[in-house]
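Welcome! Work through these exercises with the model open beside you, and try each task before you read its solution.

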Amino acid sequence: MRLTIAIPEAQFVEAPAVLRLIRMAPACQVEGGEQGPAYVALFDDFPQSIDLVIRLVEAASNLRDVRITVDARPVLSPTKFYNTLLCYRESMGVPDPEAYCASQAARVGDAGGCPDRACVSHCQFICSRCLGVSRDRGAPPLSVQLRAIARQAEVDWCPNLRISKSNA
């Protein structure tokens with residue numbers, strides 16, 4: 001999975017430490033653009049570089065015109081993406097990441113008053129949104145709806161995400 005984080009050169013006046021973080025990436029390059037040059041951190045091994053990515057996204061959170069992509073898909077909400085990064089890193093420290101994700105989703109579901117039916121998602125970032133899935137005749141398959149919700153929640157990249165085709 002490939003992650004890129006592009007930050008306009010003009011932003012480094014406000015945050016010079018961000019440039020040091022970009023240079024720590026496995027690869028970095030300078031690209032020209034309409035608004036001037038931008039430094040781009042490239043992570044072809046994402047999410048193996050999770051700690052550096054978290055530091056870089058956090059450091060760049062107050063900067064303007066930062067572009068993040070995952071496999072060429074633009075990240076539309078860096079804040080949601082950052083929260084997903086933190087959750088994924090935490091899951092890496094437990095023996096059973098799948099059980100960790102299910103427990104986080106259950107916590108959100110309990111707080112949100114999920115109806116008493118089988119959970120269609122074991123991801124806390126989808127859980128609160130899955131109440132909006134349609135089970136009506138002619139609606140897209142459940143798995144398609146959940147993938148769209150995962151994209152909106154900026155969690156579609158997560159290696160722990162499991163969306164069963166049996167929910168289709």
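**Exercise 1.** Does Ala 105 count as buried or exposed, and why?

*Solution.* Before starting, note that this is a predicted model, where local features need pLDDT of at least 70, side-chain atom pairs count only at pLDDT 80 or more, and totals for chains, interfaces and linings use all residues. Residues are numbered from 1 along each chain as its sequence is written, and side-chain values use heavy atoms, with hydrogens and water left out.

Step 1: recall the cut-offs. Buried means under 20% relative accessible area, exposed over 50%, and partly exposed in between (1.4 Å probe, protein chains only).

Step 2: apply them. Ala 105 has 2% relative accessibility, so Ala 105 counts as buried.

Step 3: Ala 105 belongs to helix 4 (residues 97-112). Here helices (H or I, at least four residues) and strands (E, at least two) are DSSP runs, numbered from the N terminus.

**Exercise 2.** How many residues apart in sequence are Ala 105 and Gln 124, and how many Å apart in space?

*Solution.* Step 1: compare the two distances. The pair is 19 residues apart in sequence, while their C-alpha atoms are 3.9 Å apart.

Step 1: list the contacts (heavy atoms within 4.5 Å). Neighbours within four places in sequence aside, Ala 105 is in contact with Ser 121, His 122, Cys 123, Gln 124 and Cys 127.

Step 2: look from the other side. Gln 124 is in helix 5 (residues 124-127) and, at 14% relative accessibility, counts as buried. Its side chain makes a polar contact with the side chain of Arg 107 at 3.2 Å. Such a contact is a pair of N or O atoms within 3.5 Å; within protein, one must be able to donate a hydrogen and the other to accept it, and residues adjacent in sequence count only if both atoms are side-chain atoms.

**Exercise 3.** Which residues have the most contacts inside the largest nonpolar core?

*Solution.* Step 1: define the core. It is a set of buried Ala, Val, Leu, Ile, Met, Phe, Trp, Tyr and Cys residues joined through side-chain atoms within 4.5 Å.

Step 1: The largest core has 46 residues, and Phe 43 and Phe 81 have the most contacts inside it. Helix 2 gives the most to this core, with six residues.

Step 2: follow Phe 81. The residues that Phe 81 touches include Leu 3, Phe 46, Val 57 and Glu 154. Glu 154 lies in the segment after helix 6 (142-152) and, at 1% relative accessibility, counts as buried. Its phi is positive, near 60°, in a residue other than glycine.
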